[in-house]
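Dear colleague,

Please find below the structure that I am passing on to you. My notes on it follow.

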Amino acid sequence: MTVDYRTQALENPSLVLKELYRAHSSGSFPRFVAEHFQKLFESQSAFRRIPVLNVGRPPESHHDRGLVRFRGMVQDTSLSTEMYLSKFADGSCGGWGMYENEGGSSSSATEVNYANLRECSILWATSVPAESDWCAAELDGSSHLLETRSSLSRPLEASQRPHKYPHARARHIGIQVKIYDKQGVDTFKATDVVTFVGILSTEPCSLDQGSASSADAPTLHVLFTQRHSPAVLSRPFPRLERPLQQARPIIGEEQFSKRFSEDNSQVREELISWMAEEALGGDRVAAEWVLLSCISRVHSRHPPLLPPSLVISRFPPPPPVPSTASDTPLLTPTLSAVLQYLLPLTHTLPLSLDTLNKSQFVPESKDEDLHAGVLQIPQGTVLLVTEGGVREGQLLERGVMNVRALQDVIDAQTLSYVFPFSQYSFPTDISCIVLSEGRKSTFFKTDLNVPLRVSTTPAVVAALYKPAEEVRLPSEEKLAAFRDLVVGARSGKVQVPETTSEHIQAEFVRERQNDRNLTADDLIRRMTVSKLYALSLHEPSLSVETWQRAKAFDDQRRAAVA
């Protein structure tokens, strides 16, 4: 019976809704619908049978009122709610885009029973900004990936509201989302990543209410949702713990721990070497700091335990590109492509005076419509900021505001949303890596400064900006191990045993007696770095040995910029 219902739901979800309504007796019908469809598609194999809505399969490629799943970022929660008739005069089901003519009723508006009026919430969602191709492929499923690749060659209809996507010129989907189940709807926040499963149609956009002209927008009538954590993907921490548990009866506990530790250490070393060789001119120290920055995240806001910002200084500017055009785009550092191969969410922000003076970095409400900002990206994103395009010139008022907005993200992990007579700051979680030509960042104050140690010969500089297709990838198995290590470390937690804590305190007291310049901020920084170091080794507990290695690593960095 479940198989029949599932097939019917895939072919005609509206009919299933009507049948459920006739069978429903009491309680909230939208909640009953959500629970029914969730159970129907609870297995991964069943869920992946639902057609995907994305840039490869845009709304116009799906049939009207078909069942789809859309993984999107909540961009705007300020749209007005909508009243709908939950039951028509003939007793048939209303809502989810079904209207009286579909229910077979010819009753007039005077016959409406106002007791049957219900309210649905409306959001605007977009394709997930900063999502890597491999992350999308893993979540969508391999069969949908093949469909997407074959469809990308076809032109995508322009989004009706590109201003609601953080990177308006990029291919994306923007969609009106109507939610009927009230449970948890108030917890949806801007930049949340959610998979919405529902019935796709086209309806007038609620953003156009009260305006002289109104355009239809793709609309998803939600049946149920799946929320994603800031990591988007899940990986075990510590890495490989479950598979190796099968070997515990054969090898001893001590041997198991040693094998487990050596494997993670080896994968970590290979990952650092690959990042250094492909994107950082062979500088393993810089690559190791980039790795630590990639796995950092907000662990607490009270007290603030925020991801440390990193600048890779002395990073050579891009080589000149022969061109007769005046607006030739600058080359993108190869590090951008390498991060996209490793991380589920990463975005590169190339800075120039033109970008700073003309772009909008923070979301802003205009005529009761929230326009996206460049920094309105999901929590868990690693942001690579490049300053190679910055040249002499004047930074205008908007440029100053944009610099301040990104500095607020770096310092406090908050992003301002601007409204006509006020502005509010909302929490975010964006790890920032800045590439700067000088001894420090031109615009931003960062927690960590690591100078890149490479020659500036044309061949070396060109290798720092080689295109993504020239990156030498490791084997699929090795690349999967790299991703497991990085994604698992991002979601991991490190405990500090009492013995290690006592050692750290005693050591800091001794050092403070010899160097009065040491402050509590130095201790906090060392603790942050040592925990990230342990996470990168997939060690759930900070040992004295790892503390000493991390401390020496940070001391080496400080000496290099002294």
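**Backbone, core and enclosed spaces**

Arg 65 lies in the loop between helix H4 (44-47) and strand E1 (66-76); helices (H or I, at least four residues) and strands (E, at least two) are DSSP runs, numbered from the N terminus. The model is a predicted one, in which local features need pLDDT of at least 70 and side-chain atom pairs count only at pLDDT 80 or more, while totals for chains, interfaces and linings use all residues. Residues are numbered from 1 along each chain as its sequence is written, and side-chain values use heavy atoms, with hydrogens and water left out.

Arg 65 has a positive phi of about 60° although it is not a glycine. Most residues other than glycine have a negative phi, and most peptide bonds are trans. With 13% relative accessibility, Arg 65 counts as buried; that term means under 20% relative accessible area, with exposed over 50% and partly exposed in between (1.4 Å probe, protein chains only). Thr 191, in the loop between strand E4 (174-179) and strand E5 (193-204), also has a positive phi, near 80°. Thr 191 is buried because its relative accessibility is 7%.

Two cis peptide bonds should be noted as well. One runs from Phe 237 to Pro 238, with omega near 0°, and Pro 238 is placed in the loop between strand E6 (216-227) and helix H8 (241-245). The other runs from His 302 to Pro 303, again with omega near 0°; Pro 303 sits in the loop between strand E7 (300-301) and E8.

As for the chain in general, it has 18 helices and 17 strands. Of its 562 residues, 52% count as buried. Contact means heavy atoms within 4.5 Å; among contacts between residues at least 6 apart in sequence, 77% join residues at least 24 apart. The accessible surface comes to about 27,100 Å², and 51% of it belongs to carbon and sulfur atoms; these areas come from the Shrake-Rupley method with a 1.4 Å probe, and for residues only the protein chains shown count as cover.

The largest nonpolar core has 56 residues, of which Leu 271, Leu 280, Trp 289, Val 290, Ile 312 and Leu 342 touch the most other members. Helix H10 (residues 284-294) gives the most to this core, with eight residues. Such a core is a set of buried Ala, Val, Leu, Ile, Met, Phe, Trp, Tyr and Cys residues joined through side-chain atoms within 4.5 Å. Leaving aside residues up to four places away in sequence, Leu 271 touches Leu 291, Leu 342, Phe 482, Leu 485 and Val 486.

Leu 342 also belongs to the buried residues of H11, together with Thr 334, Leu 335, Ser 336, Ala 337, Val 338 and Leu 339. Helix H11 (residues 334-342) is largely enclosed by the rest of the structure, because seven of its nine residues are buried.

Which spaces are found within the structure? There are two cavities of 30 Å³ or more. On a 1 Å grid over the protein atoms alone, a cavity is a set of points where a 1.4 Å probe fits but cannot get out, and a pocket is an open set with protein on both sides within 12 Å along at least five of seven lines; lining residues have an atom within 4 Å of a point. Grid points are joined across faces, edges and corners, and a volume is the space filled by probe spheres set on the points.

The largest cavity has a volume of about 60 Å³, and its lining includes Pro 230, Leu 343, Gly 380 and Arg 490. By class, this lining has seven nonpolar residues, one polar and one charged; Ala, Val, Leu, Ile, Met, Phe, Trp, Tyr, Cys and Pro count as nonpolar, Asp, Glu, Lys and Arg as charged, and the others, Gly among them, as polar.

The second largest cavity, of about 40 Å³, is lined by Trp 289, Leu 292, Ser 293, Pro 308, Leu 448, Val 529 and Leu 532. H10 supplies the largest share of that lining, three residues.

The second largest pocket holds about 470 Å³ of space. Of its 16 lining residues, Leu 306, Asp 447, Ile 524, Arg 525 and Thr 528 are the closest to its centre. Strand E8 (304-305), helix H13 (397-412) and helix H17 (520-536) each give two or more residues to the lining, and H17 has the largest share, six residues.

With kind regards
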